[in-house]
Amino acid sequence: MGILNVTPDSFSDGGRFDRFDDALKHAERLVREGAHILDIGGESTRPGAQAVAESEEIDRVVPVIEAIASRLEVPISVDTSKAGVMSAAVEAGACMINDVNALRGDGVLDVAASLDVPVCLMHMQGEPRTMQENPQYADVVTDVKEFLLERAKVCEAAGIAADRILLDPGFGFGKTLDHNLALLKNLPALVGEGYPVLVGASRKSMLGLITGREVDQRLAGSLAVALMALQGGAAVLRVHDVAETTDVLKVWQAVSATAVS
Ligand code: 7PM
């Protein structure tokens, strides 16, 4: 899954893709480099970020989704927590919903169910503006898993088929470095629940804390996490650097397909 930010303030792309033509060119590049899904988001969920009005978010993502859907074959996911954005995005050609709020917003669950598309449910403790202040868990691996399984059950009760639900531990969303590390190391515990698991750690601050590098120098760290996530059973990797991650995937697949002698 290649990340296409259409926010003017997105932290990794420095706002370079807020303009329409740049967004389309970047989408084409991500697909050329091997992306199987494009994830398009118009609301920055950066820790400390301010909320964006629904109409503003729709104005950012819908033209880009329409243009990509009409030009490229790639499935489009919309990264949003708002019901109105989900509806407008699916109408415009998106075929998957990626909600960092796990469909907990007002009226969001029923709208998502009625749209009849796969959904990714992500764990987040707190809300983006304050979530990194003092995150605490009794046992982060168990707490995150139980939250996600509970949300999956709620979604199934609302009519979303179990085989259309992905789970995501939400790296960096209300978590310390130790929490993130525990979640990555114990990814098989979440994978073992049977839902496809999506991992998004590309260029995140956990990599800055480990390597001491700024956001534009976190490719190697991101690739290391990608490989560990594959090894741990992740089904989808949400990444900025699709070409390089595709090479990691090919190497991992080649070794995985080889018999032990
Ligand atoms: C600023 C800070 C901009 C952080 C964007 C981000 C995830 C996600 C994001 C994730 C799923 C980023 C985040 N992260 N959706 N959306 N999982 N499912 O680093 O980890 O891309 S936004």
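Modeller: Helices and strands here are DSSP runs, numbered from the N terminus. The model is a predicted one.

Colleague: Where is alanine 51 found, then?

Modeller: Alanine 51 sits in the loop between β2 (38-41) and α2 (54-71).

Colleague: Buried or exposed?

Modeller: Alanine 51 counts as exposed because its relative accessible area is 69%, and exposed means over 50%.

Colleague: What separates alanine 51 from alanine 220?

Modeller: Their C-alpha atoms are 31 Å apart, and along the chain the two are 169 residues apart.

Colleague: Switching to the ligand. How many residues surround the ligand?

Modeller: There are 15, and the closest are Asp79, Asn98, Asp168, Lys204 and Arg238. By class, that shell has 6 nonpolar, 4 polar and 5 charged residues.

Colleague: Which ligand atom does asparagine 98 lie 2.7 Å from?

Modeller: A nitrogen atom, reached from a polar side-chain atom of asparagine 98. For arginine 238, a polar side-chain atom lies 2.7 Å from an oxygen atom of the ligand. The side chain of aspartate 79 has an N or O atom 3.1 Å from a ligand nitrogen.

Colleague: How much of the ligand does the protein bury?

Modeller: The protein buries 97% of the 490 Å² that the ligand exposes when taken alone.

Colleague: And the second largest pocket, what volume?

Modeller: About 320 Å³. It is lined by 17 residues, with Met1, Gly34, His36, Leu237 and Leu249 the closest to its centre.

Colleague: Which element gives the most to that lining?

Modeller: α10 (242-256), with 6 residues. β8 (236-237) supplies at least two. By class, the lining has 10 nonpolar, 6 polar and 1 charged residues.

Conventions
Residues are numbered from 1 along each chain as its sequence is written. This is a predicted model: local features need pLDDT of at least 70, side-chain atom pairs count only at pLDDT 80 or more; totals for chains, interfaces and linings use all residues. Side-chain values use heavy atoms; hydrogens and water are left out. A residue is near a molecule or strand if one of its heavy atoms lies within 4 Å of it. A polar contact is a pair of N or O atoms within 3.5 Å; within protein, one must be able to donate a hydrogen and the other to accept it, and residues adjacent in sequence count only if both atoms are side-chain atoms. Accessible areas come from the Shrake-Rupley method with a 1.4 Å probe; for residues, only the protein chains shown count as cover. Ala, Val, Leu, Ile, Met, Phe, Trp, Tyr, Cys and Pro count as nonpolar, Asp, Glu, Lys and Arg as charged, and the others, Gly among them, as polar. Helices (H or I, at least four residues) and strands (E, at least two) are DSSP runs, numbered from the N terminus. Buried means under 20% relative accessible area, exposed over 50%, partly exposed in between (1.4 Å probe, protein chains only). On a 1 Å grid over the protein atoms alone, a cavity is a set of points where a 1.4 Å probe fits but cannot get out, and a pocket is an open set with protein on both sides within 12 Å along at least five of seven lines; lining residues have an atom within 4 Å of a point. Grid points are joined across faces, edges and corners, and a volume is the space filled by probe spheres set on the points.
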